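Hi,

Here is the structure I promised to pass on. My notes on what turned up are just below it.

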Amino acid sequence: MSEAPGRMCVRCGLPISRYNPDTRCAACARTDEAPTIPDRAWRDEQVHKALAAWDFGTVVRLVRRRSGLSQKAVRELTGLTQGYISDVERGLKQVNGREAIIDLLTGLGLPADLRPLLLTPFAQAESQRLSAAIDPALPWTTARMVTSLDAAVGGAMTGLNRRSVIALGGAGLTQYILQAAIAPPEAVASTARNGISVSDQLLTSLQSTTDALRQADANHGSGNLARAATAHLKVLLRLLKEGDFTEATGRRLAAVAADTAIQTGWYHFDSGAHDVARNLLLGALRAAHASGDSRLRAGALSFVAIHGYSVGDPRDAITAARTARQVIADQDAPALHAMLLTRQARGHARLREERQARIALEEAQALCAQGRGEDDPRWLYWINPGEIMGQTASCLLDLGRPDQAAQAFADARNAFSSDEIRTRAQFLSRAATAQMRAGDVDAGSATGHEVLALVTGVRSARLDDNLDAMLAEARRYASVAPVRDLLERGQAVMSERAA
């Protein structure tokens, strides 16, 4: 049977038939089916008490035994080591690491109706062991959502200490991400009955402004948009605080605020204001939660993931992406799932976890090939096979595979519109780095010149970082004539951008 070159089984490493869309060969698919946790395993009072007490060792032991599974099977489901699982069950270790909580809940398939049990310690505040790790901005309410966004845009603080809203890191950020999946719905009805009337027509107009800014970002970079987007977000915050609206209109207002806050956070991130971006994205996550739109929550978490693998802890990226997929588990949204898998893969790649990165990317490619689902959001218009291939190339570059990265960049380069100048320049700068790192100096120089011709007028700190990396790679070949020309031109371009 003819085999598709390059496609290998993720289980045994043997070639996969070109007619097989799975990531496993037919033999492994038959003999290595993933174990499952039946719903009945969760329907036990002892399990519920353990969840409410955050006694995850007891949860694992009870659910595993009620499912008839081995510790090896739990390892397959969660990605945790068998030794760690054994220690947790025996009480020798606590499940309080950055990824462990999400790994367990996602891998074991915690039913949605049991998630509120995990809020018990937050409501009772009886456990001293947990109190130090609890986000002081909990519980999630509409007032806290508005205050969080107000703090992020530099507004006046009311009711909460500014530090308590935005000073999150480590376990605190993990708790924050977890709450996005399990916190109960918020009431969003307005109490300002003499305030500004918020109509559907007004919200449509405000959403169109957010959409127009999003489109401009791909063309010109975020450096020119952050201030305008912040002003737009302040208008939405004013409506949330002083508007007159029903519960249904309030949820739609929260959705527009979430989308705008996500984009505003992204523009600040792309401009190099990473702390401001992080606070905006966390506020956006609260607004998305208030909107009731799980896809928006997943979108906010995807940008938290970008922040994590780019300038923070890559483990945060993995946690955020996996949680986002859990949030939209009931949605027919293959494109959204594919995008989240690329975010997860980038986190794995930064940690040099090659096997996990490749598995996530293969699944992303398979989902993207399905086309758009009924629930895929309209704002996710840019996901296509070329985008997935471009993310694959970036992962390969981070994994130290420049030859493979250069080929993947070459396969993906035609996927980007010529109008998306910033996006194309960002992509090509990394392609040039991969080509030179792989030893193809002539191709890298040619691609580098192509990049430099694009960047005039594009303001993006992330693009500047990639240009610096490209030119740093070029300096390794400074004695070669094409590279000397590239370096001379690059120095002039970078001086202009710094002016």
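Let's start with Glu473, which forms a salt bridge with Arg476, their closest N and O atoms being 2.3 Å apart. By salt bridge I mean a side-chain nitrogen of Lys or Arg within 4 Å of a carboxyl oxygen of Asp or Glu. Glu473 is buried at 7% relative accessibility, whereas Arg476 is exposed at 54%. The cut-offs there are under 20% relative accessible area for buried and over 50% for exposed, with partly exposed in between (1.4 Å probe, protein chains only). Salt bridges with shared partners also join Asp211, Arg214, Asp259 and Arg378 into one network.

A quick word on the source: this is a predicted model, where local features need pLDDT of at least 70 and side-chain atom pairs count only at pLDDT 80 or more, while totals for chains, interfaces and linings use all residues. Residues are numbered from 1 along each chain as its sequence is written, and side-chain values use heavy atoms, leaving out hydrogens and water.

The salt bridge count comes to 26. Among them is Arg358 with Glu354, at 2.9 Å between the closest N and O atoms. Both sit in helix H19 (residues 354-369), four residues apart, or about one turn; helices here are DSSP runs of H or I, at least four residues, numbered from the N terminus. Arg358 is partly exposed at 32%, and so is Glu354 at 21%.

On the aromatic side, there are four pairs, meaning rings of Phe, Tyr and Trp (its six-membered ring) with centres within 6.5 Å. Ring pairs link Trp266, Phe269 and Phe303 into a cluster.

Cheers

Definitions and conventions. Phe/Tyr/Trp six-rings, centres within 6.5 Å; stacked < 30°, edge-to-face > 60°. Helix = DSSP H or I, 4+ residues; strand = E, 2+ residues; numbered from the N terminus.
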